[in-house]
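Hello,

Have a look through it first, and then read on below.

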Amino acid sequence: MFATVAQLGPHAGREVTLRGWLYNLRSKGRIHFLLLRDGTGTCQCVVFAGDVTPEVFDTAGRLDQECSLEVTGQVREDARSPGGFELQVTALQVLGASADYPITKKEHGTDFLLRNRHLWVRSRLQHALLRIRAEVIAASQEWLNAQGFVRFDTPILTPCSAEGTTNLFSTSYFDLGPAYLAQTGQLYVEAGMMAFGKVYCFGPTFRAEKSKTRRHLTEFWMIEPEMAFADHEENLRVQESFLSAVVARVLDRRKEDLLTLSRDTAALERVTPPFPRITYDRAIELLNEHATELTDAMPPRWGEDLGAPHEVLLSRLHDKPLFVTHYPAAIKAFYMQPEPSRPEVARCADLLAPDGYGEVIGGSERIHDADLLERRIREHGLRVEDYGWYLDLRRYGTVIHSGFGMGIERAVAWIAGVHHIRETIPFPRMLDKIYP
Ligand code: 4AD
Ligand code: MG
């Protein structure tokens, strides 16, 4: 009878067969200890010389790291074993050999590990991290579904830009000219919002970022909710509830993985609504007041964007995720609604994660007036005819609406407490990396 490591409990005292890969082998006289992982967990399988034939005992002692195998034995409760159970082996069969597995117990450099990413994902820390990623994605979607949002899929091949023209990946689209890989699903999800009220899209997004930082990928996954009749304030309330729910679920279901990664979970327990809010103006003031703590940057002047060191410092001054609202409209996307009493700033917010992880969510109220939107498109040097359909949304039953986008990798890096976002996605794409 086949069993999985996670489901050994009900089989205690009985014989089962596990299928998996050899994580580690240790021998002591007439005993071999095999650590077998099957994706659901790791189980110690004990081979006593007296329990098996000499051939099987000999085979067990020469198993290569990461060979695949079937191991049959008695399930025994054992508090010292990783999952609380171990297997007393009666038979084993190698399914696939694994001579000279490249990732060994010695320290490897990150470049080496990234070149072997297809194998690295089997390692303990990577495994924990990618499980947390899967949980963040599931939690995000399930929370939105439960709140009445409808998933609305948006295209990846698009005819025009949405988040600036400097970082577009382009390809040629038959006789129709250039096409661009989507930087966001937002413009399309706005069409869905007017059909369904509350929608979200979730998928890969692309930015030809020339920056080599620990927060930038060229391909990343984004979840983007969009809500009819929601203004800027409502948008912030939804974001803090959403992110708090996602963090709470990871704490609830993936505590063990967080501990494997040595994440300080007390910091995550504090992630509850409401989140502190400051305006961009106040952020500039704070950065000037704390200028001496900015070791490798100057405080920005009003009108300049906040850089990584600025975001790090602002988030250090708060112990929860921090909303920075009302950025100068000139440094933000063309579709953001200006503040009526002060049109030089936009009704937008970046949500900065604690501990210097930077912006995890970007969101805004959208311009709902067709004429204003058309003006902004021109001011940004974009061609109005490319955005005809997007302007139509304002011509046929426009409403106040808002939305936001959370980058999955940034969120996972922060929640899991890993330094660089390249480890939070199975196969990272960066300026200088596309293999494997
Ligand atoms: O702030 P951004 O550019 O916002 C948008 O794309 C909006 N259309 C979202 C919306 O309102 N629907 O990106 C949103 C988030 C960022 O906060 C960040 O988490 C992530 O996407 N992000 C990146 N993650 C990894 N690598 C990059 N190069 C990223 N650029 C943005
Ligand atoms: Mg942003």
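Here is what I found, going from the overall layout to a few local details.

Please keep in mind that this is a predicted model. The protein chain is divided into two parts, with domain 1 covering 5-96 and domain 2 covering 117-424. Their C-alpha centres are 46 Å apart. Six residues of domain 1 and five residues of domain 2 make up the contact. Together the two domains bury about 400 Å², and 37% of that is on carbon and sulfur atoms. On the domain 1 side, Y23, R37 and G39 account for 73% of the area buried against domain 2, more than any other three residues.

Eight strands form an open sheet with mixed pairing, in the order 7-11-12-19-18-17-14-13. Strand 7 (150-151) and strand 13 (277-279) are at the edges with a single partner strand each, so one side of each has no neighbour in the sheet. Further in, strand 12 (residues 219-228) pairs with strand 19 (residues 401-407) in the antiparallel sense, over five bridges.

Helix 11 (residues 370-379) and helix 12 (residues 388-395) have axes that come within 9 Å and cross at roughly 155°. Angles over 145 degrees count as roughly antiparallel, and helix 11 and helix 12 are therefore roughly antiparallel to each other. Helix 11 brings A370, L373, E374 and I377 to the contact, while helix 12 brings Y390, L391, R394 and R395. Of these contact residues, five are nonpolar, three are charged and none is polar.

Finally, some backbone details. The peptide bond from P273 to P274 is cis, with omega near -5°, and P274 sits in the loop between helix 8 (265-269) and strand 13. The peptide bond from Y435 to P436 is cis too, with omega near -5°; P436 belongs to the segment after helix 13. E66 is not a glycine, yet it has a positive phi of about 75°. You will find E66 in the loop between helix 1 (54-61) and strand 5 (68-77).

Enjoy exploring it, and do write back with any questions.

Best wishes

Terms used. Residues are numbered from 1 along each chain as its sequence is written. Chains are lettered from A and ligands numbered from 1 in the order in which they are written. This is a predicted model: local features need pLDDT of at least 70, side-chain atom pairs count only at pLDDT 80 or more; totals for chains, interfaces and linings use all residues. Side-chain values use heavy atoms; hydrogens and water are left out. Two strands pair if DSSP finds at least two bridges between them. Helices (H or I, at least four residues) and strands (E, at least two) are DSSP runs, numbered from the N terminus. Axes are lines fitted to C-alpha atoms, for helices over the stretch in contact, and angles run from 0 to 180 degrees between N-to-C directions. Angles under 35 degrees count as roughly parallel, over 145 as roughly antiparallel, 65 to 115 as roughly perpendicular and the rest as oblique. Contact means heavy atoms within 4.5 Å. Ala, Val, Leu, Ile, Met, Phe, Trp, Tyr, Cys and Pro count as nonpolar, Asp, Glu, Lys and Arg as charged, and the others, Gly among them, as polar. Domain bounds come from an automatic or database domain assignment. Buried area is the accessible area (1.4 Å probe) that two parts lose on being put together, summed over both.
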